[in-house]
Amino acid sequence: MELRDIEIFLVLAEELHFGRAAQRLHVSQARVSQAIKKQERRIGAELFTRTSRTVYLTEVGRQFRDDLRPVYTGLHESLERARLAARGITAQLRVSLLPFNVVDLHPYWKEFRRRYPHWGLQVRQATFTDVFGQLRSGAMDVVVPWLPVQEPDFTVGPALCTDSRILAVAADHRLAERDSVPLELFADFPHSTALGLPDYWEDTYLPFHTPRGRPIERIAAADNADELINMVGMGEIIHSFPGHVTRHWGMSNIRWLPIPDLTTMTFALVWRTESENDLIRALADTVRDLGTFRF
């Protein structure tokens, strides 16, 4: 079985939708269907049940997924290690960012690479769903979330940056002409949330109640920042962000407004204590040596 066909099966097993799987894999739906039919012929059983509205795994499909996933992951990691070794890189550190990877943060990554040319550094934007699960599953080595982080199995390292808070609203929203927006007014409009966030941590970013005790409503879950800003631009929600997003987004349909009664945010390195290694310690030392950046 070709590696690409294995990948197609595993992605479809996650998405359970031929269109979304094809989009994620950057192939046609026909290519996805062809790969699945080929695997089903080889196995001699259906892997998915298809109806006009739903796609779901059969019992054979679930067993195949569970057996195949660790094999595929191990093979993919072996190939990646071989590619790195061919470039003289002996290990790689994977970092997942909640703040945008704006140019102001690049000195940390450049200095780490200068000090440790034999190690690779992969920096990626985090999704919002189950952020801490990325560490616990081993998908990432370090996450850069906002503080505080109070997970007993995590170590909180040095801070990279601190930032002010701003509110994003659609340009035609009735708040758009204000000079600033107090937190109390947040209760008058819908907001968004993400799945799998600890309550204490979500409350630090967007409180569940205003200073007078009124609830701040969350109407939808977003997986990433692009989803959030699209909902804001469509007028479906208003949403708070760290101020540095204005360096990433220049959008004529969005207004950015100060929030005077929300405190600044601090973003820091966080890793799973049991997984601490020389690469993580080296990145932490690099950040400490360069100090905390203030946007």
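**Ground rules.** I am working with a predicted model, where local features need pLDDT of at least 70, side-chain atom pairs count only at pLDDT 80 or more, and totals for chains, interfaces and linings use all residues. Residues are numbered from 1 along each chain as its sequence is written, and side-chain values use heavy atoms, with hydrogens and water left out.

**Largest pocket.** The largest pocket holds about 1200 Å³, a volume being the space filled by probe spheres set on the grid points, which are joined across faces, edges and corners. I found 32 residues in its lining, with Thr73, His76, Glu77, Arg94 and Ala139 nearest the centre. Helix α4 gives the most to this lining, eight residues. α1 (3–15), α2 (18–25), α4 (59–86) and β3 (91–97) each supply at least two. Helices (H or I, at least four residues) and strands (E, at least two) are DSSP runs, numbered from the N terminus. By class I noted ten nonpolar, ten polar and twelve charged residues in the lining. Ala, Val, Leu, Ile, Met, Phe, Trp, Tyr, Cys and Pro count as nonpolar, Asp, Glu, Lys and Arg as charged, and the others, Gly among them, as polar.

**Second largest pocket.** This one has about 430 Å³ of space. Of its 29 lining residues, Leu98, Phe128, Trp146, Tyr205 and Leu228 are closest to the centre. β8 (191–193), α7 (199–205), α8 (225–233) and β10 (239–242) give two or more residues each. I counted the lining of the second largest pocket by class as 20 nonpolar, six polar and three charged.

**Cores.** Next I looked up the nonpolar cores, meaning sets of buried Ala, Val, Leu, Ile, Met, Phe, Trp, Tyr and Cys residues joined through side-chain atoms within 4.5 Å. Buried is under 20% relative accessible area, exposed over 50%, partly exposed in between (1.4 Å probe, protein chains only). The largest core has 69 residues, and Leu93, Val95, Trp109, Leu167, Phe241 and Leu269 touch the most other members. Helix α10 (residues 278–290) gives the most to this core, six residues. A second, separate core of 21 residues includes Val32, Phe48, Leu57 and Leu68.

**Trp109.** Beyond four places in sequence, Trp109 is in contact with Val95, Leu97, Asn101, Leu121, Val123, Leu160 and Leu283. Contact means heavy atoms within 4.5 Å.

**Thr286.** I found Thr286 in helix α10. Is Thr286 buried or exposed? Its relative accessible area is 0%, so Thr286 counts as buried. Leaving out residues up to four places away, Thr286 touches Tyr108, Glu111, Phe112, Arg115 and Tyr116.

**Pro158.** Pro158 sits in strand β6 (residues 154–163). At 12% relative accessible area, Pro158 is buried.

**Glu184.** Glu184 is in the loop between β7 (165–170) and β8. Glu184 counts as buried because its relative accessibility is 13%. A polar atom of the Glu184 side chain lies 3.1 Å from the backbone nitrogen of Arg212. Setting aside residues up to four places away, I listed Thr210, Pro211, Arg212, Arg214 and Asp261 as touching Glu184.

How values were computed:
On a 1 Å grid over the protein atoms alone, a cavity is a set of points where a 1.4 Å probe fits but cannot get out, and a pocket is an open set with protein on both sides within 12 Å along at least five of seven lines; lining residues have an atom within 4 Å of a point. A polar contact is a pair of N or O atoms within 3.5 Å; within protein, one must be able to donate a hydrogen and the other to accept it, and residues adjacent in sequence count only if both atoms are side-chain atoms.
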